[in-house]
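User: Hi! Could you walk me through this one?

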Amino acid sequence: MTLSTDLFVTPEDVRTKDYLLATYYLELDAESDVLAKTTAFAVGQTVGTWIDVPGLTPELRARHEGRVVRVLEAPPVDVRSQAEGEVHGFFVQLALPTVNFGAQFPMMLTTLLGNDASTSVQAKLVDLELPDSFAAELGGPRHGIAGVRDLVGVHDRPLTLNMIKPCTGLAPADAAKIFYETALGGVDLIKDDELLGNTAFSPVEERVREFGKAARAVLEETGKDVVYLPNVTDSPDRVVDTARRAVDAGARAVMVTYATVGYGMVKAVADAVDVPVLGHFAGSGMFFEGSHSGMSSPLAAGLLPRLAGADMVLTTTPYGGYPMRRLQYLRTIHQLTLPRPHVAPSLPVIGGGVHPGIVGRYVREAGTDIVLGAGGAIQGHPQGAAAGARALQRAVEAAVAGQPVEEAAEDSPELAAALELWGVHA
């Protein structure tokens with residue numbers, strides 16, 4: 001295709017218009033023409049043809065064709081003597097008309113990540129900028145951080161969460177016993193593990209009813225109202241119905257795995273039930289683990305589930321068993337929580353390797369508007385699940401007060417036992 005100046009725009013020209021600004025990273029051979037590659041991609045993912053065809057009028061192109069906003073070489077070089085190596089890296093930004101896909105995820109992601117065979121490039125989506133009107137149409141969380149805090153009645157510290165272990169295989173009545181013992185320790189939230197859905201041996205509605213009985217018993221004994229989040233992940237034709245039936249049975253929040261059901265299905269669930277939705281990251285690695293394709297983790301596990309309406313979003317950390325880079329973990333937290341026009345913030349749920357000895361680090365790095373999700377550190381506490389929950393709660397109190405966790409353990413046998421078992425990671 002012939003390069004034309006009308007395929008390029010300045011950031012100032014598109015800033016207030018209805019364009020989704022998508023930034024990609026790609027690497028090309030030194031002899032490749034990056035401008036030809038990026039303009040072909042912009043055209044291919046919008047009007048879809050690099051040759052003149054009937055109907056491709058100037059008016060249609062002006063309204064629907066993509067444009068190239070930026071092409072930045074990494075590292076930046078300006079003279080040939082500096083351009084070493086056979087492969088050069090580039091950050092390129094495209095302006096994609098939102099009229100092409102509207103405020104919905106399947107066609108937006110097809111436009112962003114599609115791979116037209118004649119115009120494709122191997123590139124990784126690393127950033128998105130949304131026009132305000134488009135963000136307002138998507139909507140984002142209906143409850144957000146404030147709504148979740150109102151639900152559990154806690155406003156001055158990180159929330160605590162446990163997931164039932166073993167992950168699957170228990171009948172609802174048996175799992176409710178574990179729920180009860182854990183809830184006695186004072187956690188704020190208890191959720192299903194992502195590996196347990198709506199199964200024949202443990203239907204979601206039955207779990208909601210059984211766990212509800214256990215929660216009410218704990219409330220009567222301790223005054224603590226523990227909220228249960230059932231996993232409503234299901235087949236596409238059943239997810240929304242499963243969520244509705246869970247809420248009808250008494251669920252005050254639900255969980256869904258956004259990567260496996262799709263961001264659009266998360267939005268459908270959030271629109272269908274008037275309770276907070278927790279988006280779980282299970283399966284999201286396929287979006288961001290490639291270095292030259294897919295998208296970055298702050299988008300896949302931060303911005304997109306937030307835009308889809310997840311009020312809480314589980315995110316992995318660099319301190320557990322997964323090799324997440326610290327920068328990407330913190331940028332994911334930012335994508336969930338920083339102010340964004342027309343979109344409420346989501347509450348980050350930090351999971352994977354959470355135990356009392358590392359709580360202080362999470363609070364220092366991510367603040368107090370987080371949920372600390374501990375599984376084995378509660379269920380596997382040597383004094384039992386209730387003691388594990390109390391140890392985690394005491395560690396949270398210490399972190400908020402700026403008290404060393406070792407000092408807090410002096411008046412908490414449960415915390416002392418946890419620190420002895422799992423150590424302190426400052």
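This is a predicted model: local features need pLDDT of at least 70, side-chain atom pairs count only at pLDDT 80 or more; totals for chains, interfaces and linings use all residues.

User: Which residue is the bridge partner of Asn162 in E12?
Analyst: That is Ala374. As for the names, helices (H or I, at least four residues) and strands (E, at least two) are DSSP runs, numbered from the N terminus.

User: And what is the strand order in the open sheet of 8 strands?
Analyst: The order is E7-E6-E5-E12-E11-E10-E9-E8, with parallel pairing; two strands pair if DSSP finds at least two bridges between them. Strand E7 (227-229) and strand E8 (254-257) are the edge strands, each pairing on one side only. From one strand to the next, the twist averages 25°. Axes here are lines fitted to C-alpha atoms, for helices over the stretch in contact, and angles run from 0 to 180 degrees between N-to-C directions.

User: Nice. How about the open sheet of 4 strands, parallel or antiparallel?
Analyst: Its pairing is antiparallel, in the order E2-E3-E1-E4. Strand E2 (67-74) and strand E4 (123-129) each have a single partner strand, so one side of each is left without a neighbour in the sheet. The twist averages 20° from one strand to the next.

User: How many bridges hold E1 and E3 together there?
Analyst: Strand E1 (residues 19-29) and strand E3 (residues 87-97) are joined by 11 bridges. Tyr25, for instance, has Phe91 in E3 as its bridge partner. Helix H2 (residues 34-44) packs on this sheet, touching E1, E2 and E3, where contact means heavy atoms within 4.5 Å. The direction of H2 makes about 145° with that of E2.

User: Switching to helix pairs: at what angle do H14 and H15 cross?
Analyst: Roughly 60°, with the axes of H14 and helix H15 (residues 359-366) coming within 11 Å. That makes H14 oblique to H15; angles under 35 degrees count as roughly parallel, over 145 as roughly antiparallel, 65 to 115 as roughly perpendicular and the rest as oblique.

User: Which residues in H14 meet H15?
Analyst: Arg326, Tyr329, Leu330 and Ile333 in H14 do, and their counterparts in H15 are Tyr362, Glu365 and Ala366. The contact has 5 nonpolar, no polar and 2 charged residues. In that scheme Ala, Val, Leu, Ile, Met, Phe, Trp, Tyr, Cys and Pro count as nonpolar, Asp, Glu, Lys and Arg as charged, and the others, Gly among them, as polar.

User: And where do H17 and H19 meet?
Analyst: Ala387, Arg390, Ala391, Arg394 and Ala395 in H17 touch Glu414, Leu415 and Ala418 in H19. The axes of helix H17 (residues 385-401) and helix H19 (residues 413-422) come within 8 Å and cross at roughly 90°, which makes H17 roughly perpendicular to H19.

User: What volume does the largest pocket have?
Analyst: About 330 Å³. On a 1 Å grid over the protein atoms alone, a pocket is an open set with protein on both sides within 12 Å along at least five of seven lines, a cavity is a set of points where a 1.4 Å probe fits but cannot get out, and lining residues have an atom within 4 Å of a point. Grid points are joined across faces, edges and corners, and a volume is the space filled by probe spheres set on the points.

User: Which lining residues are closest to the pocket's centre?
Analyst: Of the 13 residues that line the largest pocket, those are Lys124, Phe288, Ser297, Arg325 and Gln328. E4 and helix H14 (326-337) each supply at least two residues of the lining. By class, the lining has 6 nonpolar, 4 polar and 3 charged residues.

User: How many cavities of 30 Å³ or more are there?
Analyst: The search of the whole structure finds 1. About 50 Å³ of space lies in the largest cavity, and its lining includes Cys167, Asp192, Arg207 and Phe211.

Conventions
Residues are numbered from 1 along each chain as its sequence is written. Side-chain values use heavy atoms; hydrogens and water are left out.
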